[in-house]
Amino acid sequence: MKIKKLNVGGEGLNRFFGPLEAKIMDLLWSSEGMSIKEVQSILNPESPISINAVTTVMNRLLEKGHLTKVLVGKGRTQAARFSTVQSKEQFLSEQTKVVSQGLIQEYGSLVVSHMIDALEDVDQEMIAKLERKLNEIKKRNKQ
């Protein structure tokens, strides 16, 4: 699934989601699934939020393909439980790959140059990983 808008000024999950969406996704990533009421009760002490607001946001996340919904129980006790489609790690890996590829396709060497400049602030293990990946690409291109 592709995020349609990237919030460049946001941090963490707020780059990909609105503030309430990010909080809800984080809660659901750390659980086996929750009802709307459970999510609302956890968020409420942090800042009062209506059940309607949580319902709307969770249904939008469902429509966007980030959540699944399963009905549990029967009759009056039936409730919907929401779970994430991907783990947080899978989501971040997929989205950062899409963003990186898009930037490189659109801005080419300028983006690569900025990424290389940013390596001055990272640990040696990341640089070693980059070197290994570059060597793999060079080998493939020679074949």
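D26 is partly exposed, with a relative accessible area of 34%, where partly exposed denotes the range between buried (under 20%) and exposed (over 50%), computed with a 1.4 Å probe on protein chains only. The model is predicted, so that local features need pLDDT of at least 70 and side-chain atom pairs count only at pLDDT 80 or more, while totals for chains, interfaces and linings use all residues. Residues are numbered from 1 along each chain as its sequence is written, and side-chain values use heavy atoms, with hydrogens and water left out.

D26 forms a salt bridge (a side-chain nitrogen of Lys or Arg within 4 Å of a carboxyl oxygen of Asp or Glu) with K88, the closest N and O atoms lying 2.9 Å apart. This pair links distant parts of the chain, 62 residues apart, with D26 in helix 1 and K88 in helix 4 (residues 88–107). Helices (H or I, at least four residues) and strands (E, at least two) are DSSP runs numbered from the N terminus. K88 is also partly exposed, at 27% relative accessible area.

In total, 4 salt bridges are counted. Another of these joins E21 and K64, with 2.7 Å between the closest N and O atoms. E21 counts as buried because its relative accessibility is 12%, whereas K64 is partly exposed at 46%.

A salt bridge is also found between the side chains of R132 and E125, with an N to O distance of 3.1 Å. R132 has a relative accessible area of 44% and is therefore partly exposed.
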